[in-house]
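Thanks for coming. I will go through one model, starting with strands and ending with pockets.

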Amino acid sequence: MSPLPRALLWDRMVEVGTDIALVDLRPEKLLAHGQVVAAEPVPHACRYRLTTVDGFATDTMTVESEGAGWQREVRLERSGDSWRVTTSEQGRFGSVQLPGIVDPGRLAGVLDVDLEATALTNTLPIRRLGLLGAEPGTTHTVPMAWIRVPSLQVIPVEQTYTVVDAGTIRYTSGSFTADLTVDKDGFVTNYPGYASLVG
C-alpha cells in the first residue's frame, strides 16, 4: 500500500490511549489505515484498513485486535446489498462471543461500517449523506455495521446524524447522543468525552 498523505491523531479522553489514522481523502472516496492503543477493557492494540467506493460507502474494512495471549481479526467486504464477513481468532479473549456476526444477512442494506475504537468512521456517513454545508436541522437515520473493540463483534444498529451548525453534527445511537465538532473535510476534531484531535 502506498504511503497516505495525511495523519490524524486523536487523544482518547475516556481512557489511556491514542488513535492514529493515515488517510487519503479524495473528492468522492476515502482510503485509510490506522492503529488504536488503549488500556480498557484490557490493554490492547487495534489495527484497521478501510476503503470506500465513490460516494463514501464502505467497500472493505479489515480490523485486527490483539492483547496478552489473544488475537482476533474480522474482515467485512460489501458486494451490492450484501456483506461477506470473515473472522479468525487465536487464544481466548475472556468469555466474549466469537468475532464477527452469526448472520451477515442482518447487514443487508448497510452502507457504512462504524469501528468503535476510532472517530474516523463517523466521517463516512457525514460525507456520504452530504451533511457538510447542509442546512441546520438536516437529519438522516441510517443502518450501520458497528464493530465492537476489542471483541470485534459486528452488531447491526441504527445511527442518526443531524446538522446542528456548520461545524457541529449531532450523533445519536440508541440512548446515546454526542455533538461532534468537525473540520471542513468532515473529520471529527472533538467527540465530547471520547476523543480529541491533536494538533
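How many bridges join β1 to strand β14, and in which sense do they run? Three bridges join them, and the two run antiparallel, with strand β14 covering residues 195-197. Before going on, the conditions: this is a predicted model, where local features need pLDDT of at least 70, side-chain atom pairs count only at pLDDT 80 or more, and totals for chains, interfaces and linings use all residues. Residues are numbered from 1 along each chain as its sequence is written, and side-chain values use heavy atoms, with hydrogens and water left out.

Strands here are DSSP runs of E with at least two residues, and helices are runs of H or I with at least four, numbered from the N terminus. Two strands pair if DSSP finds at least two bridges between them. Four residues separate β1 and β2, which form a hairpin.

Next, the backbone in the loops. The peptide bond from Glu40 to Pro41 is cis, with omega near 0°, and Pro41 lies in the loop between β3 (30-38) and β4 (44-52). Pro150 is in the loop between β9 (139-147) and β10 (154-165). That loop between β9 and β10 also holds Leu152, which has a positive phi of about 65° although it is not a glycine. Leu152 counts as buried because its relative accessibility is 0%; buried means under 20% relative accessible area, exposed over 50%, and partly exposed in between, with a 1.4 Å probe and protein chains only. Phe56 has a positive phi too, near 70°, and sits in the loop between β4 and β5 (58-67). At 4% relative accessibility, Phe56 is buried.

Now the core. A nonpolar core is a set of buried Ala, Val, Leu, Ile, Met, Phe, Trp, Tyr and Cys residues joined through side-chain atoms within 4.5 Å. The largest one has 51 residues, and those with the most contacts inside it include Val63, Leu115, Ile147 and Tyr191. Not counting residues up to four places away in sequence, Leu115 touches Cys46, Tyr48, Met61, Val63, Thr121, Ile147 and Val149, where contact means heavy atoms within 4.5 Å.

Last, the pockets. On a 1 Å grid over the protein atoms alone, a pocket is an open set of points where a 1.4 Å probe fits, with protein on both sides within 12 Å along at least five of seven lines; lining residues have an atom within 4 Å of a point. Points are joined across faces, edges and corners, and the volume is the space filled by probe spheres set on them. The largest pocket has a volume of about 530 Å³. It is lined by 26 residues, of which Glu116, Trp146, Arg148, Tyr191 and Tyr194 are the closest to its centre. The elements giving two or more residues to this lining are β8 (112-115) and β11 (168-173). The second largest pocket holds about 210 Å³ of space, and its lining includes Gln97, Asp103, Arg106 and Pro156.
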